[in-house]
Amino acid sequence: MSHPPNGPTTPRREPAHDTRHDAHPARQHAPAPEGAGASSSTGTTSPGAPPPAADEERPAPRTHPVPVHDAAAALVVRDLTKVYGHDGRPAADRVDLTVPRGSFYGLVGRNGAGKTTTLSMATGLLRPTSGQVLVGGGSRDELVDVWRDPITAKRRMGVLPDGAHLFDRLTGRQLVAYSGLLRGMDRQLVEDRTEDLIVAMDLQDAAGRQVQDYSAGMTKKIALAAAMIHAPSLLVLDEPFESVDPVSAANIRSLLHQYTESGGTVVVSSHVMDLVQRMCDHVAVMDQGRVLAQGTMAQVCDGMSLEDRFVSFVGGRTEAGEGLQWLRPE
Amino acid sequence: MASSGVNPDPAVQDAADPGGHPADPPAPSGEGPAIVPDAAVPDSVRPAPSGQERVTHRMGVLEEARRLAGLKWRILRNTLTRSTWVLVGTILGGLYALFILGVLLIGMVFLGTEPLAVVTTASVVAGSAVLVGWWLMPVLTSKADATLDPSRLALFPLSTTGLLAGQVLGAVIGIPGVLTVVALLGWLSTWRASPAAVVAAVVCAVLAALLAFTGARCASALAARIAKGRRATETISIVSLLLIALLGPIFTSLASGVERVWDRLPGWAAVLGWTPLGAVWAVPGDVGAGHWGAALARLLIVLATLAALVAVARFALDRALADAAGGAARATGKSLTGIGAFDRFPARPWGAVAARSLIYWFKDPRYSASLLMIPAISAALWFLGSDSGFSMWVLPMMIALLMSYAISADISYDNTAFSLHLLASVPGRADRLGRVVAMLIVATPLVVLGVVLWLVRVQQWPALPAMLGVCAALLLGGGGVVSVVSARYTYPTPPPGASPMKTPQGFTILNLVLQFVLMGLMVLLALPPLVLLFVHLGSGDPLWSWAALAVGLVEGAVLLWLGVRLGGKWLDARGPELLQEVAGYR
């Protein structure tokens, strides 16, 4: 029931790093985002080279063997399946993912591809029909099963669920503090980090107002702050950039890049291919509940743009409007 | 699109597209290369290549009104047939309305035999009430008739006049509209003593219907304006809730003074007959009695009112059409510097949950509504039990029961925000305990207030300990019961941000049964001190009273402890399932 006051504080030196980057909120390091071509963006991560590489060009989902114990993995998903009802089509169908430590991992797919289902199961919000989710990190660096030992696993994770209500009658500051206090953190620590996060998210003016009065972008930012207050080693963000304005998005991106540089791992789901290609160094493509491809950005893209590559994987229509000859201004 | 502005290449990508996709062959897992030829556009919608003919054409005002009314009809039909329970509810409501209507019609037929003056008085009073109903209802319910909401129609090329006509015509479609029309037809029969009056009544009935429907549109527009300030909506819905709760006492007090009211009616009617509310109902009487001047003057009042209403409605409609997108709520409330209540609770998970729940008790109208029901119930019981004082015995217990029952909706109220508790792996016990603590902080003063009221009225000092014991058992023990049951069974509630009056989707008889069982269980477990209270009242021995206090406190505390333990355990085991369940409530 009671975590030690500093329990959730993982061994990384988070507060210092937090205060450091409010000095220069954005634009600190341009190299990664501007990499245009996929290859250079791998620069941000060094540790696990091309980790589960092996057979990534053959994106057939079932062939690559999952390493039994991959020390460099932050999140391992094995055979994760979710079937709603009795005989429905699985929303997630034997999903295998390995997210290397320190990577900026993108999960792309159409609406309804199973991204949110997969991430919900991976974060302990939705009980899987079958399969396993392991989270790495911690002082002894061992993989912990989210559904067997949820308390340890969740201590390592910060999660931004997509479309969930927030406790929006609280002020922004209260919401972030609540998230910390719920995790049994020390009050002073919570208050210090809350202020740091509010500055980092550029929400000083709004922190005293109720979250229900926030714009969509501000809401995402305050939810992100609430997900980071316990200094997790893994951030799982479902659609973090949806309806976020460009300035805030750049702000969040640079914050996340700093986070990965200091050893954290970020998993982002999105259906905005450009964004993922510029931001992430690893990517997995999902469609109809299955993983079609995963690996480093270069491996998956194979010289094409992620969007084209994605369309070729998923097999959608590429040309629009050919048949609509009547659709033209009078 | 959420991608940030720097992006250089969407255009490039588009241009590259045709070149890009032939590189399809490495098609993965046989997911089909799928350059499907575009779905064929039917020939019917392909104009001749040169033809620039307009497919859309302007409709006349009447045509627009007719189509809008048709739209309203279709929406009504679809809403009713969406689920069986809605249909059953509507049929029951319709039968009730028919019953009322039948009584009204019979009354009106008999009224026709009365002298003209009586008929005029009755029709002015009743008719004014009908108009007030039509004009106030949209403001009170603060949602009213959203089906022909101008902001949803703003994109279509419709004229303001046509839209207004459609809305007024559409008001007839629906149970209140039909009832009003039938009642107006019945109203004609009350004037059968004088043919001239009947003729005038036909005109007036049409005018009255127009007044009612146009006025309702004005009121809806007003309500929509108010609704943009969120706080105001919440206040209004809560006030109307209070009014409804207070209807009982108001009627009983009215009933006691019925004779006096009856005598004053003609005086009221005379005044009302010269206001916009009552004028239209008095005209046939004037005509029948040959007061042509009065009739003309009243008609002028009616026409002026109608013109004003139409002008206001048109103005509001124009504003709404021009402002269709600017629906954002104004920011409310002042900025808070610290973290408020979170500073005043222990920095433990249960303390945080308690602080958060406490904030919600005061900030969230769904909680405040149940809070405001307490004074309403107190007032009702105070007035009802004027004779024996029996109802005052119930009052403190009722408050205790309702307050501890209120947290059974807690997780449903949280809706998906509950995911934060799961993600933070809040121990189930801390979750349960925090919610109960917040409830106790709010409920204790209220129960004490109830006990004070009871003492003032009944003045039974020896029974005070027993009363406190029963309340403790209900409050503490009830809190324990609710902590267990609500960790497993939930029922639909309005989602966060919705009006507390909104009926949530998917509320079934089963949920109602659950609520009754839960309340019954709470009462059942409070029986020991209650029985001791009765023994004390029977024997008059104060010992029994103190025994009731002791039993109530101990039993309540034990039940609470057990409830928090067991409920916490269930919550730990079924958290994700519970989240999925409450996520479906909207």
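The predictor assigns the complex an ipTM of 0.76 and a pTM of 0.67. For chain B the mean pLDDT is 78, with 75% of the residues of this chain at 70 or more. Residues 1-38 of chain B remain under 50 in pLDDT, and the model has 51 contacts beyond four places in sequence for this stretch. Residues 326-331 of chain B also have a pLDDT below 50, and eight contacts beyond near neighbours in sequence are found for them in the model. Where pLDDT is low, the predicted coordinates should not be read in detail.

Chain A contains 10 helices and 10 strands. This chain has 330 residues, of which 58% count as buried. When contacts in chain A between residues at least 6 apart in sequence are considered, 72% join residues at least 24 apart.

In soluble globular proteins, nonpolar side chains tend to be buried together. The largest nonpolar core of the model has 177 residues, and the residues with the most contacts inside this core are Ile222(A) and Val470(B). The element that gives the most to the core is helix H19 of chain B (residues 464-485), with 13 residues. With residues up to four places away in sequence left out, Ile222(A) touches Gly172(A), Leu175(A), Val176(A), Met201(A), Leu203(A), Val211(A) and Tyr214(A).

Asp213(A) lies in the loop between helix H5 (187-200) and helix H6 (216-228) of chain A. Because 19 other C-beta atoms are found within 10 Å, whereas burial requires 20 or more, Asp213(A) is classed as partly exposed. Asp213(A) and Thr171(A) are 42 residues apart along the chain, and their C-alpha atoms are separated by 9.3 Å.

Two packed helices are described by the angle between their axes and the distance between the axes. For helix H21 (residues 527-539) and helix H22 (residues 542-583) of chain B, the axes come within 8 Å and cross at roughly 175°. An angle over 145 degrees counts as roughly antiparallel, and H21(B) is therefore roughly antiparallel to H22(B). On the side of H21(B), the contact involves Pro528(B), Pro529(B), Leu532(B), Leu533(B), Val535(B), His536(B) and Ser539(B). These residues meet Trp544(B), Ser545(B), Ala547(B), Ala548(B), Val551(B), Gly552(B) and Glu555(B) in H22(B). Classified by residue type, the contact of H21(B) with H22(B) has nine nonpolar, four polar and one charged residues.

Most residues other than glycine have a negative phi. Glu239(A), a residue other than glycine, has a positive phi, near 50°. Glu239(A) is placed in the loop between strand E7 (234-238) and helix H7 (246-261) of chain A. Since 21 other C-beta atoms lie within 10 Å, Glu239(A) is buried. In chain B, a positive phi near 55° is found for Asn415(B), also a residue other than glycine. The loop between helix H16 (410-414) and helix H17 (419-423) of chain B holds Asn415(B). Asn415(B) counts as buried because 22 C-beta neighbours are found inside 10 Å.

Technical notes
Residues are numbered from 1 along each chain as its sequence is written. Chains are lettered from A and ligands numbered from 1 in the order in which they are written. This is a predicted model: local features need pLDDT of at least 70, side-chain atom pairs count only at pLDDT 80 or more; totals for chains, interfaces and linings use all residues. pLDDT is the predictor's confidence in each residue, from 0 to 100. Two residues are in contact if their C-beta atoms, placed from the backbone, lie within 7 Å. Helices (H or I, at least four residues) and strands (E, at least two) are DSSP runs, numbered from the N terminus. A residue is buried if 20 or more other C-beta atoms lie within 10 Å of its own, exposed if 12 or fewer, and partly exposed in between; C-beta atoms are placed from the backbone. A nonpolar core is a set of buried Ala, Val, Leu, Ile, Met, Phe, Trp, Tyr and Cys residues joined through C-beta atoms within 7 Å. Axes are lines fitted to C-alpha atoms, for helices over the stretch in contact, and angles run from 0 to 180 degrees between N-to-C directions. Angles under 35 degrees count as roughly parallel, over 145 as roughly antiparallel, 65 to 115 as roughly perpendicular and the rest as oblique. Ala, Val, Leu, Ile, Met, Phe, Trp, Tyr, Cys and Pro count as nonpolar, Asp, Glu, Lys and Arg as charged, and the others, Gly among them, as polar.
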